[in-house]
Amino acid sequence: MNEKIKNIELAYLTIDDYAELRDAMRTSYPHMPNTYWKEDHIKLLLDKFPEGQVVIKVNKQIAGCALAIIINHHQFEEKHTYKEVTGNYTFSTHSPKGDTLYGIDVFVKPEFRGLRLGRRLYEYRKELCEKLNLKGILFGGRIPNYHNYVDQLTPKEYLEKVKLKEIHDPVLSFQLANDFLPLRVIKGYLEGDQVSMEYAILLKWGNIYYEKPTKKATSTKTVVRLGLVQWQMRNYKELKEVMQQAEFFIDALSGYKCDFALFPEFFNAPLMAEYNHLSEAEAIRKLAEHTSEIREEFSKLAISYNINIITGSMPELIDDVLYNVGFLCRRDGTISTYEKLHVTPDEERVWGLKGGNKLKSYDTDCGKIGILICYDVEFPELSRLLADEGMNILFVPFLTDTQSGFSRVRHCAQARAIENECFVAIAGSVGNLPKVHNMDIQYAQSMVFTPCDFAFPASGIKSEATTNTEMILISDVDIDLLTELHNHGAVKNLKDRRHDLYELKRTMPSETPVNLDSNGMNILK
């Protein structure tokens, strides 16, 4: 275009635009000069679905246009013709209650090509799809360069060559570059499309924000407020005092409208002071006698303060075997148990702890979460399995006595956030317990980690507590940012895995069903 561009405007199509629109269509489709929408067709589209019909104007002149209807995907997911999907050009297939936006036309006049105006039209369609909560966009994409290769390649082979950028197709190459995925080749799609040999590629764009309609009164939150308790180890005479301190923090976090409260590993260890005359193994077994009562008290607090509580961890004796366990006490009154799977050499040698066998993700009113206790976060396989189940937030209650021990947990937790494209929250204890054997000193800095991409802090640290100071840490995390990252991130750690070279699988079945797409990505993501 030689004329200087003074204004570019995206506008709804009106019937007053028809004469100019007709001329633009004729110019844009030189191989089909008599194939253009009549005025009656445009009137029908505007009556049925005005939001779906837009034009882009340069200096007040129509430069391009996009026309669309809403259909029910299941009616046209298999092979169909252009005539069929438009209801023989009556648009009787349009359904306001449909679930998919179907593109019936998009074009840019030759003199305006190269200005990326087509991209603007497609971006509008995507935004409309998200606004209307539709599953995605579907359309039959022409392949106008195919006639030059018809004697050499089948349509399928031609598609592969275009995908590999060995052949450029003015329509298909552009659509692939705009995140549309080819589903299948359709023969006899558009009658009279000689340059495409009447073939088309059925293309789809999926709306990652689509939410299946529900009749429930509740919905899953997308911005989640995390509350981390950096717990001070101090002398407590009885369990009542421990729970009073716990309630103090829960009350504060609830007052700030937190969705989760995360406590550290073995936060109730001060109660072992009463049993310091016993061996370490005997003392921790006495501590395990409080676990059932603590679970019930936390569940009551979760309900009364309307907050999901991750209780850190505590010892539990089952059939004379000692485990390190914790509880997810949801604000709806339900309780789930999680276990430490890997015990440290010191925990096994001094306390006689055994590793558990249960690894699963948990559904909450804020989406799917995972919980790994301290040392478990240093084993990347665990969090990857949880990520494959759709986990968005990983909680890590920990207990470390030295800075080096803390650094192992801290750096591994941050790595888990990057490689699994999720948020990770870690909470530990501070202070000293001179009257409890094997629990003398604590070192902690509670933190919330994020993936590293443009929508997140460059450091990958959302928030961090003051080291070795009793406090609470509150941080908001946006689950929608993860959805955007999974699909459009600078890198895609989950989607780009080479499943043709390696795989990660359980040796024991999961309690959580996993549904993976063709990229090995959990469809819940």
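Helices α1 (18–28), α5 (117–131) and α7 (172–177), together with strands β4 (100–108) and β5 (136–142), each supply at least two residues of the lining of the second largest pocket; helices (H or I, at least four residues) and strands (E, at least two) are DSSP runs, numbered from the N terminus. The model is a predicted one, in which local features need pLDDT of at least 70 and side-chain atom pairs count only at pLDDT 80 or more, whereas totals for chains, interfaces and linings use all residues. Residues are numbered from 1 along each chain as its sequence is written, and side-chain values use heavy atoms, with hydrogens and water left out.

The second largest pocket has a volume of about 1100 Å³, and of the 45 residues that line it, Tyr29, Val106, Phe107, Arg142 and Val171 are the closest to its centre. On a 1 Å grid over the protein atoms alone, a pocket is an open set of points with protein on both sides within 12 Å along at least five of seven lines, a cavity is a set of points where a 1.4 Å probe fits but cannot get out, and lining residues have an atom within 4 Å of a point. Grid points are joined across faces, edges and corners, and a volume is the space filled by probe spheres set on the points. Strand β4 gives the largest share of the lining of this pocket, 6 residues, and the lining as a whole divides into 25 nonpolar, 12 polar and 8 charged residues. In this division Ala, Val, Leu, Ile, Met, Phe, Trp, Tyr, Cys and Pro count as nonpolar, Asp, Glu, Lys and Arg as charged, and the others, Gly among them, as polar.

Arg142, one of the residues closest to the centre of the second largest pocket, lies in strand β5 and counts as buried because its relative accessibility is 17%, buried meaning under 20% relative accessible area, exposed over 50% and partly exposed in between (1.4 Å probe, protein chains only). Not counting residues up to four places away in sequence, Arg142 touches Tyr29, Met32, Asp169, Val171, Leu172, Leu190, Asp193, Val195 and Ser196, where contact means heavy atoms within 4.5 Å. Arg142 and Tyr189 stand 47 residues apart in sequence, and their C-alpha atoms are 8.8 Å apart in space.

The largest nonpolar core holds 65 residues, of which Ile42, Tyr102 and Ile104 touch the most other members; such a core is a set of buried Ala, Val, Leu, Ile, Met, Phe, Trp, Tyr and Cys residues joined through side-chain atoms within 4.5 Å. Strand β3 (residues 61–71) contributes the largest share of this core, with 9 residues. Another core, of 53 residues, lies apart from it and includes Cys374, Leu382, Met447 and Leu485. Leaving aside its neighbours within four places in sequence, Ile104 is in contact with Trp37, Leu45, Leu67, Ala68, Ile69, Tyr82, Thr86, Phe91 and Arg125.

A search of the whole structure finds 2 cavities of 30 Å³ or more. The largest cavity holds about 50 Å³ of space, and its lining consists of Met272, Tyr275, Asn276, Leu278, Ser279, Glu280, Ala283, Trp351, Val436 and His437, a set that divides into 6 nonpolar, 3 polar and 1 charged. The second largest cavity, with about 40 Å³ of space, is lined by Tyr338, Glu339, Leu341, Lys358, Leu359, Lys360, Tyr362, Ile371 and Leu372, of which 6 are nonpolar, none polar and 3 charged.

Asn268 is placed in the loop between β9 (260–262) and α9 (280–287), and this residue counts as buried because its relative accessibility is 0%. Beyond residues up to four places away in sequence, Asn268 touches Leu287, Ile294, Ser313 and Met314, while the C-alpha atoms of Asn268 and Gly312, residues 44 apart in sequence, are 9.3 Å apart in space.

The chain as a whole has 14 helices and 22 strands, and its C-alpha atoms fill a box of roughly 95 × 45 × 45 Å, taken along the principal axes. Of its 525 residues, 52% count as buried, and among contacts between residues at least 6 apart in sequence, 70% join residues at least 24 apart.
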